[in-house]
Amino acid sequence: MPRKSNGTLPILQKVPTGINGLDEITGGGLPKGRPTLVYGSAGSGKTLMAIEFLVRGVTQYNEPGVFMSFEETENELTTNVGSLGFDLKNLVNSKKLVIDQVVIDRSMIEETGEYDLEGLFVRLNSAIDSVKAKRVVLDTIEVLYAGLADAGIVRAELRRLFTWLKEKGVTTIVTGERGGETMLTRHGLEEYVSDCVIFLDNRVTDELSTRRMRIVKYRGSAHSTNEFPFLIDEDGLSVLPVTTVRLDYPVSTQRIPTGIRRLDLMLGGKGFIKGSAILVSGMVGTGKTSLAASLVNENCRRGQRCLYYAFEEAPSQIIRNMRSIGIDLQPWVDKGLLHFHANRVTEQGLEKHLLMMQREATKYKPDIIIVDALTDFASLGAFNEVKQMILRIVDYFKMRQITALFTSMSTRGDLEETGVGLSSAFDTWIHMVNVQGNLERNRTMVIVKSRGMAHSNQVREFVMSDKGINLVDIYASPAGAFMGAARTVQMAVDNADDLARKEGISARERQLTEKRRALEAKINALRAEFEAEYQEADISLRQEKAHEKKLTNGRAALEKQRKAD
Amino acid sequence: MKKKLLKGYDSPQNKRWKLRLFVTDEAPRCVAAYHNLTNICKEHMSSRCEIEVVDILEDPEIARREQIIAVPTLMKILPEPKRLLVGDFTLVENVLKGLDVIPRKTSQNTGGQYGNRHKKAA
C-alpha cells in the first residue's frame, strides 16, 4: 500500500451520519466522498435511513444534501418523514436540501437508438451545485432498470454515475432492493458500490417484528459483522451497538440510600452502591414494587433523577398504590425528577425493548432506573436470548453509572429459580418471601448477596404500613421464630412465662435464705454446745495435772526422809 | 436556447408535428440525432415538423421540470398524446411509431426487442 509522505498509512476518512448508534458500529460513519449501498426488502427502512442521513447532515454537520427520489414524490416524502420530526419543507426552503423526483413512465417512452443518461447527470449536478451539497441520496436508482428497456445502457451509465459521484466528492447513499440467491440487490448494484454495503432487515418472529442492520462490507475499515437491532420511532433511526458493551465500566464507592433506614443498616450502614445493579426477587405481593418506590422516593427527595420502566402497572396505578404505604411519587413526576415509561412487554420484541430502554435512558439521564419487572421479558424469547438481552441492559446501565433496580417475579419461593439464572450480573440481590402460617402471611426479606460491602445475613420482617416501610427483627424465642401476629402472641406468652419464672426464682431464693438462716442458727447452737463441753473438760484436766504434781512432790519428800542413796 | 424552423412547416396539409429535442451542447450523439431526425422528418413526414432544440446544460431546470433523464430525448408535444422518444433515431421504425406516423402495436415489446440488440452493440 502506498504510504503518505509523513510515513503513516492513508486513513479512510469517514463522514458521521448523525444517526443514533450507526456511527458507533461503523467506527465513525460512512466513507467520505464515496457511495454507500443500503439495501433491504420493501419496508426495511432504507429510504428513512437515507433521509435521516441528509437531515442530520444539514442540522448537525452543516452539510447540505440532495435527495433524488425515483419512487416517491416530494410531497409523499415530506409527509412520510414528518412523523419523525423531520421538516423537509423547511430545509428545502432554506436552500439546504434539494429534492428531485425522477419520473420514468415506460409506457410513454419509445427507444429509438443509442442514448445516455446525461439528463440525470445534468439534473444531479445542478442540484448539487445549487446548494453546495456534500451528501447525496439516490433512492432507488434500480427503478431505471424498470423504466428503460436497454439494461446494457443503464448498467454502463450507472457505472459512469458512481465514478462521477466519486469525482464530485459527495458522500452518497444508494438504496437498493434485496436480491435473490446470487446477488445482494436485484440488479447487482453492489458491483458498482464496493466501498460500503449495509443490509437492512425486518424480520418477524412470534408475531413481533425486529429491524436489524448488518454491515456487509466496509472496504478499508474494521467493522463488526454482527447484526444490530435498530428502531424507527419519532426520533428517527436508532441502532443498538450491542457488542460495544464491555466489562470495563467505571466503579463507584458512592452510596445510595434506600429510603428504608433498617435496610441501609443491613447494607453496610449506607445503602446501595451507586451504579450497581440490584435484583429484588420474590413472589407476588412480597413488596418488590414498594421497595422500588421507596428507593425512588428517597432519591427524588435528594434531587436525583429517576426513570421507572413499568411493564406491569400503569403509572397512575403505581402512584395510587404507593400512597397507601405513605409514599407519594406524584410531586416528583410534577417536578420532572421522576419519569415513568409504561408499556406492555408483549407489545414489542426484545431488541426493541432494549433499544427503547437505552434511548429513554439517554434522553432523561437518570441517576436511578427501576425495571419492574424483569421477568416479563422471559415470555419474549428463548432463555438464552432473554439472558443476553438482560445482561446487555445491565451492562449498559453500569457503564453509565446508573443505579438500576430490577424486580423479578418468581412463582416459587426458592432462590434458584428467581434470579432468571442471572445472579452474576447483579451486585446486590434482595430476596423477598411471604411466609404463611398461623392463618396469616408475613413478608420477609433477606440480602442474598451484596458485593463490595459488609451486609447483614439476617432475615427481617418487611412491614408496610401507611407510615411507610419498616424492617423488623424476626422474634426468636426457644419455641421458634415468630413474626406478624404470631410475634405478638408469642411475645405475650413469653412475657407471662417470664413473670412466672421470675416469681419462682424469688420464692426459691427466699427458701434458701431461710434455710441458710436455720442452718446458721444450728451451727451457732452446736458451736455453743462445744464451747461449754470444752470448758468443762479443761477444768477437770487441770485438776488432774495438779493432783499428779502433788503425788510426785510427796514421793521425793519420802525418799529424803529415808536417807536413800 | 436555439429555435429552428424546418422548411415546409406552413404546408397546407392538416397533420403537423410539434417536437422538442433535448440535447447536451454539441455532443456527437446529439448532433447525429438531430440529423437523423430532420432526415426522417423530410422523408416520412413531408417536413411538417416544428423542432425546438433545448440544451439542458444551459437550463438544467427544464430537464427537471420535463423529467428528462436520457439524452437525446425528443418530446412529441403535438399531436397528442405526449410521448418521449429517447435515442439517436437510428431505429426509424420505432421513431415513426413513436411519432404516430405509422400505427403502434405493442410498443413495450418492441422496445424490449430493440433493447436486446443495443446491449449486444454496447
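This is a predicted model: local features need pLDDT of at least 70, side-chain atom pairs count only at pLDDT 80 or more; totals for chains, interfaces and linings use all residues.
User: What about contacts in chain A between residues at least 6 apart in sequence? How many join residues at least 24 apart?
Analyst: 69% of those contacts do.

User: OK, sheets. What is the strand order in the open sheet of nine strands?
Analyst: In chain A the order is E17-E16-E18-E19-E15-E20-E21-E22-E23. The pairing is mixed.

User: Which are the edge strands?
Analyst: E17 (338-342) and E23 (468-473) of chain A. Each of these pairs on one side only.

User: What does the twist average from one strand to the next?
Analyst: The average is 25°.

User: Let's look at E19(A). Why call it largely enclosed?
Analyst: E19(A) covers residues 403-409, and seven of the seven are buried, so the rest of the structure largely encloses this strand.

User: Which residues sit on each side of E19(A)?
Analyst: One side has A:Thr403, A:Leu405, A:Thr407 and A:Met409. The other has A:Ala404, A:Phe406 and A:Ser408. Both faces are covered.

User: How does E15(A) pair with E19(A)?
Analyst: E15(A), residues 277-282, pairs with E19(A) in the parallel sense, over six bridges. One bridge partner for A:Ala277 is A:Ala404 in E19(A).

User: And E18(A), how many bridges there?
Analyst: Four, again in the parallel sense, between E18(A) (residues 368-372) and E19(A). A:Leu405 in E19(A) stands opposite A:Ile370.

User: How does the chain get from E18(A) to E19(A)?
Analyst: Through helix H13(A), residues 383-399. This β-α-β crossover is right-handed.

User: Back to E15(A). How does E15(A) pair with E20(A)?
Analyst: In the parallel sense, over five bridges, with E20(A) running over residues 428-437. A:Leu279 has A:Trp429 in E20(A) as its bridge partner.

User: Switching topic. Where is A:Gln490?
Analyst: In helix H15(A), residues 484-561.

User: Is A:Gln490 buried, exposed or partly exposed, and why? What is it in contact with?
Analyst: Partly exposed, because 19 other C-beta atoms lie within 10 Å of A:Gln490. A residue needs 20 or more to be buried. Setting aside neighbours within four places in sequence, A:Gln490 is in contact with A:Tyr475, A:Ser477, A:Ala479 and A:Phe482.

User: How far apart are A:Gln490 and A:Ser477?
Analyst: They are 13 residues apart in sequence. In space they are 8.3 Å apart, C-alpha to C-alpha.

User: Now chain B. What elements are there, and in what order from the N terminus?
Analyst: The elements run β-β-α-β-α-β-β-α-α. Chain B has four helices and five strands.

User: How much of chain B is buried?
Analyst: Buried residues are 34% of the 122 residues in chain B. Of the contacts in chain B with a separation of 6 or more, 71% involve residues 24 or more positions apart.

User: What about the span of H1(B)?
Analyst: H1(B) covers residues 28-44. At 1.5 Å a residue, its 17 residues should span 24 Å. The end C-alpha atoms are 24 Å apart, which agrees.

User: Which residues in H1(B) are buried, and what covers them?
Analyst: B:Cys30, B:Ala33, B:Tyr34, B:Asn36, B:Leu37 and B:Cys41 are buried. The cover includes strands E2 (17-23), E3 (49-55) and E4 (73-78) of chain B.

User: What comes just after H1(B)?
Analyst: B:Ser46 takes a positive phi of about 50° there.

Notes
Residues are numbered from 1 along each chain as its sequence is written. Chains are lettered from A and ligands numbered from 1 in the order in which they are written. Two residues are in contact if their C-beta atoms, placed from the backbone, lie within 7 Å. A residue is buried if 20 or more other C-beta atoms lie within 10 Å of its own, exposed if 12 or fewer, and partly exposed in between; C-beta atoms are placed from the backbone. Helices (H or I, at least four residues) and strands (E, at least two) are DSSP runs, numbered from the N terminus. Two strands pair if DSSP finds at least two bridges between them. A crossover is right-handed if, with the strands pointing away from the viewer, the path from the first strand over the helix to the second runs clockwise. The expected span of a helix is 1.5 Å times one less than its number of residues. Axes are lines fitted to C-alpha atoms, for helices over the stretch in contact, and angles run from 0 to 180 degrees between N-to-C directions.
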